[in-house]
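Here's a quick tour of one protein chain, written for someone new to reading structures. Have a look at it first, then work through the notes.

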Amino acid sequence: MSVEILNGATIDGFVEDEEAFNSWVHDSFAALDEDQDGVLSYEEMLKELQCLRVFETEFGIDVKTDPDEVAGVYCFLFSQFDRDSNGVLDFEEFKTATKRMMLAVADGLGLLPLQMILEEGSFLKKAVEWESTKLVP
């Protein structure tokens, strides 16, 4: 983990750089596709969905939630990725949903710089690294 400064423009710029964004999405998809069958099952996506930490409150404290409610939320999130409702995600579905999520995060951050703790390999960390290469003449 590292402390970084970023804003919505950092994310927007990375997403708009099709080569950089597509490369990161491709690598992420390949890492999640454990059986290397070219699609992501719900089971393969579950760990990634859990990383979204939708049941977290302040300062990393998890809320004790009914397991059925948790399962329902993760199924709903998966269905938002699975646009053709065939029970798996192909690369294009994954890329489209990832792009939508990241642009929503960018919109939420706005243009004021924020200092954040970022995990190595995360999308936000990759966006910050991408931006730093653009700042060096």
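The notes below go topic by topic.

This is a predicted model, where local features need pLDDT of at least 70, side-chain atom pairs count only at pLDDT 80 or more, and totals for chains, interfaces and linings use all residues. Residues are numbered from 1 along each chain as its sequence is written, and side-chain values use heavy atoms, with hydrogens and water left out.

**What the record says**
- UniProt, in an unreviewed entry, lists "domain: EF-hand" for residues 20-55 and 69-104; positions follow the numbering used here, feature names are shortened, and annotations may be inferred rather than shown by experiment.
- Over residues 69-104 the chain is 75% helix and 6% strand, with the end C-alpha atoms 24 Å apart (helices, H or I with at least four residues, and strands, E with at least two, are DSSP runs numbered from the N terminus).

**The strand pair**
- Strand β1 (residues 2-6) runs antiparallel to strand β4 (residues 114-118), and 5 bridges join them (two strands pair if DSSP finds at least two bridges between them).
- Across that pairing, Glu-4 sits opposite Met-116 in β4.
- In a regular strand the side chains alternate between the two faces of the sheet.
- In β1, Ser-2, Glu-4 and Leu-6 make up the covered face, while Val-3 and Ile-5 are on the uncovered one.

**The nonpolar core**
- The largest nonpolar core has 31 residues, and Phe-14, Phe-94 and Ile-11 are among those with the most contacts inside it (such a core is a set of buried Ala, Val, Leu, Ile, Met, Phe, Trp, Tyr and Cys residues joined through side-chain atoms within 4.5 Å).
- α1 (8-16), α2 (18-32), α3 (42-51), α4, α5 (91-109) and α6 (123-135) each supply at least two residues of this core.
- α2 gives the largest share, 6 residues.
- Leaving aside neighbours within four places in sequence, Ile-11 is in contact with residues including Leu-6, Met-102 and Phe-123 (contact means heavy atoms within 4.5 Å).

**Two loop residues with positive phi**
- Most residues other than glycine have a negative phi.
- Gln-36, in the loop between α2 and β2 (40-41), has a phi near 55 degrees, a positive value.
- Ser-85 also has a phi near 55 degrees, and its place is in the loop between α4 and β3.
- Why does Gln-36 count as exposed? Its relative accessibility is 57% (buried means under 20% relative accessible area, exposed over 50%, partly exposed in between, with a 1.4 Å probe and protein chains only).
- Ser-85 counts as exposed because its relative accessibility is 63%.
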